[in-house]
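Subject: Structure handover

Hello,

Here is the structure I said I would pass on. Please open it first, then read the notes below alongside it.

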Amino acid sequence: MTQALPRDALLTRLRAAREWDLAVIGGGCVGLGVALDAAVRGLSVVLVEAEDFAKGTSSRATKLAHGGVRYLAQGDIALVREALHERGALLANAPHVASRLPFVMPAYHWWERGFYGAGRKAYDLLAGRQGLGGTEWLSTTRTQQLLPGVQPRGLHGGVRYWDGQFDDARLALLLARTAAARGALVVNHCAATGLVLENGQVRGLHVQDSETAEALTLRARCVVNATGVWVDRVRDMDQAAGAPARPRMVAPSQGVHLVVDRVFMPGDHALLVPKTEDGRVLFAVPWLGKTILGTTDTPRSDAPLEPQPLAEEVQFILRESARYLARAPQRADVRSVWVGMRPLVRPEGDEGGSTKTISREHTVVIGRSGLVTVTGGKWTTYRSMAEDVLQRCMARGLLPLKAGGVTTQLPLLGAAPGKPMGEAPGEHLYGSEATALRELPGADRWLWRDGDGGLSEAMVRFAARFEMARSVEDVLARRCRLLFLDAAEAARQADAVAALLAEELGRPVDAEAFKALAAQYLRLPG
Ligand SMILES: Cc1cc2nc3c(=O)[nH]c(=O)nc-3n(C[C@H](O)[C@H](O)[C@H](O)COP(=O)(O)OP(=O)(O)OC[C@H]3O[C@@H](n4cnc5c(N)ncnc54)[C@H](O)[C@@H]3O)c2cc1C
């Protein structure tokens with residue numbers, strides 16, 4: 001059932017004097033996956049997210065549920081097999097926000113068709129019964145039919161294979177809300193500011209509500225740090241003042257995406273170039289009515305909340321897109337540019353440098369204080385990462401023993417057959433909850449229209465009542481993905497969304513901060 005989650009009630013529960021089994025810091029896919037799994041196992045769980053659910057990396061992925069063909073080439077068979085299994089679970093548990101997606105790899109050298117096809121056949125074999133469709137070798141004509149936007153000059157056919165794609169921020173919200181429906185207390189806009197330490201052991205958290213600045217202390221038997229690229233900051237919280245700095249666990253790597261209209265790549269197939277001139281991967285993926293172009297892999301030494309693209313990254317994506325698309329997108333065609341940071345686990349003794357070869361596997365570390373830190377991995381494997389974290393906590397006696405495997409076949413809220421993710425956003429993304437959505441005022445009043453979907457007044461009300469949205473950004477960046485699809489259009493909707501939110505939340509809501517953010521998503525450097 002669609003459950004109202006008023007903030008007052010969440011904070012009242014947060015204030016209650018009690019000891020939780022588990023406190024999770026960080027509401028990206030990893031923290032939310034841990035909270036959901038633990039709640040389903042019957043543990044008492046609280047999760048705090050400093051900003052909004054998926055505000056960090058988990059809303060900025062390429063949005064592919066994939067085994068990672070690239071890792072197959074690196075010989076990491078176990079990682080690929082696990083991810084392919086997880087791809088199947090993700091698509092089955094959240095069919096309203098995830099779908100299978102056909103990819104075409106165009107061949108421009110005589111040997112590429114055979115080479116890429118053989119690799120994809122191995123991928124199919126690893127997927128086994130979880131396969132989403134067989135790999136096919138394509139003639140030049142068929143390649144052009146499936147990828148009408150592809151550069152025809154020098155084309156030698158192609159290879160088609162299947163993977164999955166999803167709406168990352170909405171999937172994260174579904175994890176949060178499903179965990180809440182299972183009894184977990186999940187609170188956004190509430191940061192962990194410190195750890196409660198007793199005799200050197202972690203016994204809970206200090207947190208602060210960002211809206212009122214109210215400080216609270218939560219007691220918990222086990223604390224999991226799932227803060228992505230920010231895990232080292234939380235790890236430092238159990239350090240005594242003046243203690244020598246610990247080696248960093250994370251090597252952040254930035255990835256940029258550019259969004260353009262579908263005219264540049266019509267059709268429902270994605271394009272993958274596995275090796276561009278400088279050895280990188282290029283994707284052109286249909287997503288929610290637009291085309292996503294990306295991405296890059298640029299090491300960073302810092303971890304800002306809103307990272308900016310580098311001129312070189314934007315040039316790379318536009319230059320390579322121009323080589324593979326018949327109609328080359330120009331800077332003025334970019335509707336939105338967004339940047340995410342991969343939390344890559346730093347190999348011991350690593351001093352920085354290229355991040356392309358760092359393993360995408362995750363790491364769980366339990367410190368001397370008992371603080372459990374998890375990072376690395378990828379969106380596709382969030383569920384198995386959560387199982388691994390809980391198993392490690394139980395093995396160390398930090399949590400009572402409870403049987404696992406409870407989320408493999410756990411439909412998330414609203415789970416119902418949906419549409420392909422390439423189609424414009426609309427009511428279908430709410431699955432069976434579309435009925436509750438349509439009962440709200442303004443279901444047929446559209447703020448923004450795209451095909452037979454878009455953003456209705458009712459969707460803003462739904463975001464405030466049931467999806468814990470607190471700001472214009474929460475609505476336009478993550479409940480509706482307009483900021484990521486068309487930042488100028490998102491800015492145009494800011495005032496109307498602020499007015500509706502103000503009505504729902506019973507307090508003034510600012511639109512100006514969001515407009516400034518939207519301007520950043522339109523700004524191309526260089
Ligand atoms: C460009 C790019 C493309 C990608 N594409 C794919 C893809 O196609 N498929 C795939 O499977 N994976 C992909 N990934 C990887 C995937 O997105 C990440 O591995 C995953 O989102 C990381 O999730 P997380 O929960 O660890 O981190 P995050 O999503 O960053 O979550 C951490 C959260 O912790 C919060 N936080 C920080 N400090 C505190 C505090 N003190 N108190 C409370 N909360 C705090 C942050 O606000 C944040 O929301 C991609 C990554 C990038 C960068």
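**The ligand and its surroundings**

A nitrogen atom of the ligand lies 3.0 Å from a polar backbone atom of Thr62. Please keep in mind that this is a predicted model. Two further distances involve oxygen atoms of the ligand. One is 2.5 Å, to an N or O atom in the side chain of Ser58. The other is 3.2 Å, to a polar backbone atom of Cys29.

How much of the ligand's accessible area does the protein cover? On its own the ligand has 1,000 Å² of accessible area, and the protein covers 94% of it. The elements that give two or more residues to the shell around the ligand are helix α2 (29–40) and β8 (190–198), β11 (250–261) and β16 (336–345). With three residues, β16 gives the most to that shell.

In total, 35 residues surround the ligand. The closest are Glu49, Thr57, Ser58, Leu64 and Thr380. By residue type, the shell divides into 16 polar, 13 nonpolar and six charged residues.

**Aromatic rings**

The count of aromatic pairs in the model comes to 13. One of them is formed by Tyr123 and Tyr161, an edge-to-face pair with 6.1 Å centre to centre and 80° between the planes. Tyr123 belongs to helix α5 (residues 112–127) and Tyr161 to strand β6 (residues 158–166), so this pair ties together parts that are 38 residues apart in sequence.

Are these two tyrosines buried or exposed? Tyr123 counts as buried, because its relative accessibility is 2% and the cut-off for buried is under 20%. Tyr161 is buried too, with a relative accessible area of 2%.

Another edge-to-face pair is made by Trp379 and Tyr382, at 5.6 Å centre to centre and with 80° between the planes. Trp379 is buried, at a relative accessible area of 7%, and Tyr382 is buried with a value of 7%.

Tyr123 and Tyr161 also belong to one aromatic cluster, together with Phe103 and Phe283.

**Charges over rings**

Which residues place a charge over a ring face? Lys63 lies over the face of Trp287, at 4.9 Å from the ring centre. Arg481 lies over the face of Phe484, at 4.5 Å from the ring centre.

**Arg478**

Arg478 is found in helix α13 (residues 472–479). With a relative accessibility of 2%, Arg478 counts as buried. Which side chains does the side chain of Arg478 contact? A polar contact of 2.7 Å joins the side chain of Arg478 to that of Asp52. The side chain of Arg478 also makes a polar contact of 3.0 Å with the side chain of Glu473.

**Pro6**

Pro6 sits in the segment before α1 (7–15). At 47% relative accessibility, Pro6 counts as partly exposed, because that class runs between 20% and 50%. Pro6 and Pro244 are 238 residues apart in sequence, and their C-alpha atoms are 43 Å apart in space.

Regards

Terms used: Residues numbered from 1 in each chain as written. Predicted model: local features only at pLDDT ≥ 70, side-chain atom pairs only at ≥ 80, totals over all residues. Heavy atoms only, no water. Near = heavy atom within 4 Å. Polar contact = N/O pair within 3.5 Å; in protein donor to acceptor, adjacent residues only side chain to side chain. Areas by Shrake-Rupley, 256 points an atom, 1.4 Å probe, with all protein chains shown as cover. Helix = DSSP H or I, 4+ residues; strand = E, 2+ residues; numbered from the N terminus. Nonpolar A, V, L, I, M, F, W, Y, C, P; charged D, E, K, R; others polar. Phe/Tyr/Trp six-rings, centres within 6.5 Å; stacked < 30°, edge-to-face > 60°. Buried < 20%, exposed > 50% of the residue type's maximum accessible area, 1.4 Å probe, protein only. Lys NZ or Arg CZ within 6 Å of the ring centre and 35° of its normal.
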